[in-house]
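Dear colleague,

Please find below the structure for your files. My notes on its packing and its aromatic residues follow.

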Amino acid sequence: MSGATTTRHPAGRPILAIGRPGGAGHRPTPRRGRLQVAGLPWILPAVVLIVGLIYFSIGYTGYVATLDWNGFILSSPTHVGAANFTKMVGDSVFWNAIGHTAYFYVITFSVQTAIGFVFAAIMHSRVQLGAIYKVIVFVPTVLAPATMAPVFRQIFDVDGQFNWLLSHVGLDALTRPWLAEPSTAMAIVMAITVWQWTGLTFILFYAAMSQIDPEILEAARIDGAGSIRALWSIVWPMCRGTTSALAMLGLIGALKTFDIPYLVTKGGPNHGTEFLGTYIYQTMVQQKHFGYAAAISVALLVLAIGGGVLMSMRNRRAERR
């Protein structure tokens, strides 16, 4: 038969094999043009969303950053060029917000990574009631900050439960207005963040540890490595990819931090817990300086893109080693 080859079944019946184009076993190749046209409706909503909404919003924010405008449609904005960016360079509150963001990122990421890794290791040691253990650790992650903030404000109030506990255990000297002092207010904001997001770190590390071949750990134990040595020398290096992903997520989360500091401390006292997100909100909504708030938003976008690019480059270099 032209265009095909035949083989013999053990019982003697011929079997038709795939041959040249036009043969019985040939499947027609669909045209690329048809695939592109057919797939266009599926990607069109994403294109409209990204180009028409996100990129347009970024461009419009950059335009508003060159205006002196209170945000009202009936008011006429004044074009001021780069005056808002010049003002931002000399704004001490803006630079303090960046410093708070960097400090917040380093502390929260380090603590969450350490606690989440330890919790995941404990979970892999076949702890009893493991399902309940997972739920207890992960529940804070799914709670809305708006529901948690009033609780923490009450706990750390001057007459709150934390000072009551300290006074009843004989530590009256440690009682203080925790949310009214900049140093302690920032510590409380970071503690709430760690409490909320350690569950996500725990789940990701637990998933990464589940991918490690048990034979590797068994070989380490045969060679005399204890649990701590195996965690530090084997498990931790093999979770490097998860740690890099958490570092990227932590950086993005620190730059866009808004809900917890605003709901708990409103950026105070005396801008002691001010972040870029809270400062943008206060400048735009409360002070009605839309142009200056847009300039800070542009700076936030530049910091996010720059930080993401630098961290990606660092991760690639680490993978090559």
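Tyr105 and Phe109 are separated by about one helical turn, because they are four residues apart in helix 3 (helices being DSSP runs of H or I of at least four residues, numbered from the N terminus). Their ring centres lie 5.8 Å apart with the planes at 15 degrees, so the pair is stacked. For Phe, Tyr and Trp (its six-membered ring), rings pair if their centres lie within 6.5 Å, and planes under 30 degrees apart count as stacked, over 60 as edge-to-face and the rest as tilted. Both Tyr105 and Phe109 are buried (under 20% relative accessible area; exposed is over 50% and partly exposed in between, with a 1.4 Å probe and protein chains only).

Please note that this is a predicted model, in which local features need pLDDT of at least 70 and side-chain atom pairs count only at pLDDT 80 or more, while totals for chains, interfaces and linings use all residues. Residues are numbered from 1 along each chain as its sequence is written, and side-chain values use heavy atoms, with hydrogens and water left out.

The structure holds 19 aromatic pairs. Another is formed by Phe56 and Tyr60, which is stacked because the ring centres are 6.1 Å apart and the planes are at 15 degrees. These two residues are four apart in helix 1 (residues 32-64), about one turn of the helix. Phe56 counts as exposed, at 53% relative accessibility, and Tyr60 as partly exposed, at 41%.

Beyond its neighbours within four places in sequence, Ile296 is in contact (heavy atoms within 4.5 Å) with Met88, Phe94, Leu276, Tyr279, Ile280 and Thr283.

Yours sincerely
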